Amino acid sequence: MAGRGSVRASGNFNANQDAETLYKAMKGLGTDEDSIMKLLTSRSNSQRQQIKAAYKTLHGKDLVGDLQGELGGKFETLVVALMTPPTLYDVTSLRNAIKGAGTDEKVLIEILSSRTAQQVKDITAAYRQEYNKNLEDDVTGDTSGHFRRLLVILLQASRQQGVQEGNIETDAQTLFSAGERKFGTDEEQFITILGNRSAEHLRRGVCVCEREICVFNLSRVVKCARSVPAYFAETLYNSMKGAGTDDQTLIRVMVSRSEVDMLDIRADYRRLFAKSLHSAIQGDTSGDYRKALLLLCGGNDA
């Protein structure tokens, strides 16, 4: 998926120069929001971290703190997300999904199903460091039943590599049977397959329509296995359809996928919903928040 992001590292990068540009955009009366958003959306997250360090060295201040002091609302939330290292951003998203009353199960599935095994291991380690808690304990304490069992397997980050040719047919049949029976006698096998097989294997084996697998949140896992970009295209569509906007989801997906596969997500969005992601964002958001999201989108596929 290399090179399929809408945001790439700047080839002519100078962290000190960028830090000065941001400092000038925020000092004095008024704030130059356009300069801030254009700079941050044209640098990789790794480069943003270098800018943050340079800003601290040059001005003795925390860049994120200064940005929060100058910006506001959803635009501020988006900029802070852009300035957060990807693993820490996932950790924070997971923590917010399980703390307090209720559980945002779609966030748990989104992150744990779409990240690589190494990324899941990094998330688990960072969660412990950040909160002095065990992520698996927190997840199991906040979920139940077959859904909890699947999340625990995903947290082990031990998916098999490659495609097990001899298992494709039997795995597909198990998935189909479980779906037909509305999750009856094959639930353990079903969860084992979804949690342990590689994405490549699942794409070969999951030939059953997702509508057959309508139990709990497992259909989301199947959709993610079939195509991560299509899964995120649908997630973005759902965040903007109808009255109101799920800005938390919109920001999370646009930020976390901007350097990974946003070009593929855009293509699938156009294919699935007969309109461009760019036009959907344009029609559902406003102000600097809209401008920054459109920069992350990276183009219009109208």
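Biologist: Among contacts in the protein with a separation of 6 or more, what share comes from residues 24 or more positions apart?

Modeller: The share is 70%. Please bear in mind that this is a predicted model.

Biologist: Which secondary structure elements does the protein contain?

Modeller: There are 19 helices and zero strands.

Biologist: Which residues does Met254 touch, leaving aside its neighbours within four places in sequence?

Modeller: Met254 is in contact with Leu236, Met262, Leu277, Ile281, Leu293, Leu296 and Cys297.

Biologist: How does one describe two helices that pack together?

Modeller: Two packed helices are described by the angle between their axes and the distance between the axes. In this model, the axes of H16 and helix H19 (residues 287-297) come within 10 Å and cross at roughly 35°. The crossing of H16 and H19 is left-handed. On the H16 side, Asp247, Leu250, Ile251, Met254 and Val255 take part, and they meet Tyr289, Leu293, Leu296 and Cys297 in H19. By class, this contact has eight nonpolar, no polar and one charged residues.

Biologist: Is helix H7 mostly covered or mostly open?

Modeller: Helix H7 (residues 105-114) is mostly covered, with eight of its ten residues buried. Those buried are Val107, Leu108, Ile109, Glu110, Ile111, Leu112, Ser113 and Ser114.

Biologist: Which helices cover the buried residues of H7?

Modeller: The cover includes helix H6 (86-98), helix H8 (117-131), helix H10 (145-155), helix H14 (218-226), helix H15 (228-240) and helix H16 (247-257).

Biologist: Let us turn to a single residue. Why does Val139 count as buried?

Modeller: Val139 counts as buried because its relative accessibility is 1%, and the cut-off for buried is under 20%. Val139 lies in helix H9 (residues 135-142). Leaving aside its neighbours within four places in sequence, Val139 is in contact with Ile98, Leu151 and Leu155.

Biologist: How far apart are Val139 and Leu108, in sequence and in space?

Modeller: Val139 and Leu108 are 31 residues apart in sequence, and their C-alpha atoms are 8.6 Å apart in space.

Definitions and conventions. Residues numbered from 1 in each chain as written. Predicted model: local features only at pLDDT ≥ 70, side-chain atom pairs only at ≥ 80, totals over all residues. Heavy atoms only, no water. Contact = heavy atoms within 4.5 Å. Helix = DSSP H or I, 4+ residues; strand = E, 2+ residues; numbered from the N terminus. Buried < 20%, exposed > 50% of the residue type's maximum accessible area, 1.4 Å probe, protein only. Axes fitted to C-alpha atoms, helices over the stretch in contact; angles between N-to-C directions. Left-handed = near helix turned anticlockwise from the far one by under 90°. Nonpolar A, V, L, I, M, F, W, Y, C, P; charged D, E, K, R; others polar.
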